[in-house]
Amino acid sequence: MRSQKRAQCAVLVCWMTLLPMAAGGAPRDDSSVGIEPDPVLQARFLEIAGALDKSAMTARVEELRAFVDGDLDRWIPQLLYYLAYSQGTTAAPAAGFLLQRLSGPKDVMVAVVARHLGDPDAAIRHAVRDLLHHYEDRSAGRTPDFSAYRALIESEVRAGRSASISLVRFMYESDPSAALLTLIRGYQLRQPTDLRSILWAEHIVDEMLWKRTHGFIGPREVEPPALRELETLSRDKRWWVRAYVAQILHQHSELRRQAVVERLARDHHPLVREILFSDSFRDLPEGVTER
């Protein structure tokens, strides 16, 4: 697994040097307006879940296919609402069967679902996150597949906009290392000095965490090189790099150092401060207050 990751990083360095520079864009509010339930579609989902056998379920899914006529923007949000508020044990299997039969290309499905990461309804946000994890193809032996997220970020960057704050937050909560590598590609970072310094820092931090996982060092042992790299990244001009530092400190309190925490507490980007002032940062250094 480690050799696989090093190979991926090497490919990343080579790949990035061929890309044009893109603007980062300013922070933006990407919260969604919410999903209003469609009684007809909600009833159809209930019919699929209530089917007595696979044959009946298939027939009802095919009826739904004809009804929605390939309009993912119509039925996927409604499915998210159904998953958020359905009761009983048949909802998830029925939704899985439906998605297996009616899904579009993976990148398209992820794009439609990810639009609702900022939904004001916590239950729907939970359903969104569960469904996105389904498309990440996770396993014990490899990192999650964030390629569909990279495509979304690239699209925003090429249009001169910042990546979705909700998506970046979700990625960092899911896997900080994979998220940072994905953002490097999504933001089309090409300057060798910047690229290699970020990759090296991520490698040093991840190597220390890998050593902990496999018992080469203590479960909360801190290696000075990792602290130095986090301190350096906390000064980076890119908000999504600083957000990586905030997420690592969020997850590993023993890595927090007052100077770094104070710097991130004054960060101009809302996501960096949001991560910093999450529940795990109840005991901030003296003199640091939430803005």
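Is F170 buried or exposed, and what is its relative accessible area?

Tutor: F170 is buried, at a relative accessible area of 1%. Buried means under 20% relative accessible area, exposed means over 50%, and partly exposed is in between, using a 1.4 Å probe and protein chains only. Before going on, keep in mind that this is a predicted model, where local features need pLDDT of at least 70 and side-chain atom pairs count only at pLDDT 80 or more, while totals for chains, interfaces and linings use all residues. Numbering starts from 1 along each chain as its sequence is written, and side-chain values use heavy atoms, with hydrogens and water left out.

Now for the rings. A pair of aromatic rings is described by the distance of the centres and the angle of the planes. Rings of Phe, Tyr and Trp (its six-membered ring) pair if their centres lie within 6.5 Å, with planes under 30 degrees apart called stacked, over 60 edge-to-face and the rest tilted. That rule gives seven aromatic pairs. One of them is F45 with Y82, a tilted pair at 5.5 Å centre to centre and 45 degrees between the planes. F45 sits in helix α2 (residues 39-49) and Y82 in helix α4 (residues 72-85), so the pair links parts of the chain 37 residues apart. Helices here are DSSP runs of H or I with at least four residues, strands are E runs of at least two, and both are numbered from the N terminus. F45 and Y82 are both buried.

Back to your spot: Y149 and F170 have ring centres 5.9 Å apart and planes at 85 degrees, so this pair is edge-to-face. Y149 belongs to helix α8 and F170 to helix α9 (residues 165-174), 21 residues apart in the chain. Y149 is buried too, with a relative accessible area of 2%. Ring pairs also bring in F146, giving a cluster of F146, Y149 and F170.

Helix α8 has another partner. The axes of α8 (residues 147-158) and α10 (residues 176-186) come within 8 Å and cross at roughly 35 degrees. Axes are lines fitted to C-alpha atoms, for helices over the stretch in contact, with angles from 0 to 180 degrees between N-to-C directions. R150, I153, E154 and V157 of α8 meet T182, L183, R185 and G186 of α10, where contact means heavy atoms within 4.5 Å. By type, the residues of this contact split into three nonpolar, two polar and three charged; Ala, Val, Leu, Ile, Met, Phe, Trp, Tyr, Cys and Pro count as nonpolar, Asp, Glu, Lys and Arg as charged, and the others, Gly among them, as polar.

Zooming out, the protein has 15 helices and zero strands. Of its 291 residues, 49% count as buried. The largest nonpolar core holds 87 residues, and W75, I76, L132 and Y244 have the most contacts inside it. Its largest share, nine residues, comes from α13. Such a core is a set of buried Ala, Val, Leu, Ile, Met, Phe, Trp, Tyr and Cys residues joined through side-chain atoms within 4.5 Å.
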